[in-house]
Amino acid sequence: MRAVRFHGWGQDPVLDEVDEPTRDTGRVLVQVQAAAVAHLDATVASGNFELTPELPYIGGVEGSGVVLECDEGSGLEPGCQVMLRGGGLGLLRGGTWTERVSVSPKAVTRLDSPLPPEVAATFFVPATTAFVVLHDVARLDDDEEVVVVGAAGAVGAMVAQQALLAGAKVTGVVGREDQVADVPNGVTALCLDSPEAIDRLAAERSTSLLVDTLGGEGLAERGRWVRPGGRVVAIGYVAGTDVRLHLPSWLLDDVALLPVNMIRRERRAHEVAGELVEQLSAGQLHIETQRYGLAEAATALADLRAGKVRGRAVLVP
């Protein structure tokens, strides 16, 4: 059986031949159909993360597949589609970058609505994060104007799509002109490279909610696109981890800055996942994926780190 393993911290992964997994009682044997390549995978592979599997280890914290073997009464049966996530996959033990895997039932979520394997492997984080951001943190109303910064990324695009579904008017901001084409349909696309468009956002201040996936020093200035009494929801920090607020301006603007901690909201994410799967299956929501073979895992990681992946990267055995 083929599997992609890390043999040293900070090194590229290698495609190896490994022993077939055996299923013990109480575990589930899954044929992997797709495996996500996530930023968490890159972080674990660096060796600088708090959780580190024993080397060599199979990468992959997320994936999807079909059940091959399981216990009776488990709520699963051979042939059903499942998402693989949790249970220490890719963190405490080998993960999803392989052809078959034996896992704890805690790492298996049955999908009752069919999804393409690449979508089933990658939807959970962007889709559930977007839902929590809009409905639990921001408490979105259906007639709001929303600006999404980073609308070409997996999470940003999903926030924009779900805001549209909720009835909002949505503007998607991207960093480069070549990303405009990746902004979801129905969203007004603006580029940070276009000073006129950005100046208009700052001058009009018509938006009541800004969802920011970039972070960094520019977050404070982007917060001034929001009208007084509005709110800014901060998701990520790919553009930098530090932000400085000019307190007199911030207090005068009266714009709330709201953080999103999805680790604390993991249970809520699982609660809403079923509804999101139905919307994805029905075509109401869309996840962009970029496919790689198992032998291309190192390339996928390099593209991820360089910001060259459209949507989410997926390894397909």
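# Close-up views of a predicted protein model

View 1. Of the 317 residues of the protein, 48% count as buried, where buried means under 20% relative accessible area, exposed over 50% and partly exposed in between (1.4 Å probe, protein chains only). This is a predicted model, in which local features need pLDDT of at least 70 and side-chain atom pairs count only at pLDDT 80 or more, while totals for chains, interfaces and linings use all residues. Residues are numbered from 1 along each chain as its sequence is written, and side-chain values use heavy atoms, with hydrogens and water left out. The protein has 9 helices and 16 strands; these are DSSP runs numbered from the N terminus (helices H or I, at least four residues; strands E, at least two). Its C-alpha trace spans about 60 × 40 × 30 Å along the principal axes. The radius of gyration is 20 Å, which agrees with the value near 20 Å for a compact globule of 317 residues; the radius is taken over C-alpha atoms, and the globule rule is 2.2 Å times the number of residues to the power 0.38. Among contacts with a separation of 6 or more, 67% join residues 24 or more positions apart, a contact being heavy atoms within 4.5 Å.

**View 2. The salt bridge between glutamate 20 and arginine 100.** The closest N and O atoms of this pair are 2.5 Å apart; a salt bridge is a side-chain nitrogen of Lys or Arg within 4 Å of a carboxyl oxygen of Asp or Glu. Glutamate 20 lies in the loop between β2 (14-17) and β3 (28-37) and arginine 100 in strand β7 (residues 100-103), so the pair ties together parts that are 80 residues apart in sequence. Glutamate 20 is partly exposed, at 43% relative accessibility. The whole structure holds 20 salt bridges.

View 3. Arginine 268 meets aspartate 136 in a salt bridge of 2.8 Å, N to O. Because arginine 268 lies in helix α8 (residues 266-281) and aspartate 136 in helix α3 (residues 124-137), this pair ties together parts that are 132 residues apart in sequence. Arginine 268 also forms a salt bridge with glutamate 271, with the closest N and O atoms 3.4 Å apart. Glutamate 271 and arginine 268 are 3 residues apart in helix α8, so about one helical turn separates them. Relative accessibility is 18% for aspartate 136, which is buried, 30% for arginine 268, which is partly exposed, and 52% for glutamate 271, which is exposed.

**View 4. A nonpolar surface patch.** Val243, Leu245, Leu247, Trp250, Leu251 and Leu257 make a patch of about 520 Å². Helix α7 (residues 247-253) gives the largest share, 3 residues. Leucine 247 lies in this helix and is partly exposed, with a relative accessible area of 47%.

View 5. A search of the whole structure finds 0 disulfides, a disulfide being a pair of cysteine sulfur atoms within 2.5 Å. For cysteine 80, the nearest cysteine sulfur is that of cysteine 70, 6.5 Å away. Cysteine 80 is buried at 6% relative accessibility, and cysteine 191 is buried at 4%.

Conventions
Patch = residues over 30% accessible without salt bridge, like charges linked within 9 Å, V, L, I, M, F, W, Y side chains within 5 Å. Areas by Shrake-Rupley, 256 points an atom, 1.4 Å probe, with all protein chains shown as cover.
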